[in-house]
Amino acid sequence: MPVSVEDVLKALDDHICNSRTCLSVPIILLALKVSLHACLRHLGIVDLQKRVSFLVAQGPGSRYIQLRDGIGKTSEIFMCTIGALRIENDEYLLFKNKDFSISEFSDRVTLNADVFGPLGLETFAQEDAVESIFSGLSLGANRHGLFACVNHVKIGDDSHKNYDCLVETALHVAKSVKEAIAAIHREVAAQPYWWGNLILADAHQLAAVEVRGQEIRVEHAATRIFRTNHQPMFGETASPDNLPCSSTRFASAQSRLGIVRSVDELKATLASHDDGDTGICNHGVPLTTVYSYILHCKAGEMTLHVANGLPCSARWSELPLPLGALWNEQSEGRFRAKYPNGFVA
Ligand SMILES: [Zn+2]
């Protein structure tokens, strides 16, 4: 249901800006569509500096909550369950369920002979006329067989850089998990990053890297590793940002991943619901799984399995990754044509 600028300003007046600071810059409303019947309503407001605020409300008549702290950064709208498994000595997997506070999302994908990856986000648009702001990589693979992904823990102020940039850096400069950890270490020593968890996998190692400002903690694992939206190595058992079900998704992953021995079994785990409409697959309470990814490497051959939508019901696509010697314009074209609901970066 479209509403006017005046409606938005009234909503701001009524519910949000007690300090009125967010009205101190001229606001251009690029797009605003509010579904009064959706369980979550969203407002995207872009100021002249093209910085975006997101406001959500749980239902018709309820008050809006401003999801950014500081200027132009979102929080509490990304979840994600991530991890990696080693099946055999020459076979390993990395996975991610991408959970957003919107129910549909289209990836923007980068692909060349060296690196594949869907781009990460600083903010996303609820509706088509608001421009999402992309940054770094949400997950990806490089020609050396290194897999990496990241999920959200907590954002920092404007002095902090997006954790998605760490995935991009790792995949561009590192040939292995060991080199990726060293690269992340250098980046984080140079400047603070939003709090996030990275999972790394190659032919020899699996690792989790918890990033918090300018600190990192590293865990190595032989056969499985995973994270939700908190940082166990910093002593946490639940999300510091109050993201839903971080602890229960952690428990689900812990109980389920030990028995996974194949891509199909991993798909079933990513589609599981241990807590009604949530679990590892989330059905809008309050976040929704919008993409599910499995990067698979067996005997040096890399494949992406990807589902756009709920992994318990969406169709999975299987796409050979055309990296390194396999890359050419035709193989890239085939990959892009088969990628579900994504488009060129
Ligand atoms: Zn589901």
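This is a guided tour of one predicted model, moving from its confidence to a sheet and then to a pair of helices.

Residues are numbered from 1 along each chain as the sequence is written. Because the model is predicted, local features need pLDDT of at least 70 and side-chain atom pairs count only at pLDDT 80 or more, while totals for chains, interfaces and linings use all residues.

Begin by colouring the chain by pLDDT, the predictor's confidence in each residue, from 0 to 100; the mean is 81, and 74% of the residues reach 70 or more. Select residues 1-5, where pLDDT is below 50 and the model has nine contacts beyond near neighbours in sequence, a contact being two residues whose C-beta atoms, placed from the backbone, lie within 7 Å. Residues 56-75 also stay under 50, and for them the model has 51 contacts beyond four places in sequence.

Next, display the open sheet of six strands, ordered β15-β5-β6-β16-β17-β18 with antiparallel pairing. Strands (E, at least two residues) and helices (H or I, at least four) are DSSP runs numbered from the N terminus, and two strands pair if DSSP finds at least two bridges between them. At the edges stand β15 (224-227) and β18 (316-320), each with a single partner strand, so one side of each lacks a neighbour in the sheet. Neighbouring strands are turned by 15 degrees against each other on average, direction ignored.

Zoom in on β5 (residues 81-88), which pairs with β15 in the antiparallel sense over four bridges; A84 has I225 of β15 as its bridge partner. Axes are lines fitted to C-alpha atoms, for helices over the stretch in contact, and angles run from 0 to 180 degrees between N-to-C directions.

Finally, select helices α2 (residues 164-173) and α3 (residues 177-190), which pack at about 130 degrees with their axes 9 Å apart. That makes α2 oblique to α3, since angles under 35 degrees count as roughly parallel, over 145 as roughly antiparallel, 65 to 115 as roughly perpendicular and the rest as oblique. Show side chains for L166, T169, A170 and V173 of α2 and for A180, A183, I184 and E187 of α3, which make the contact.
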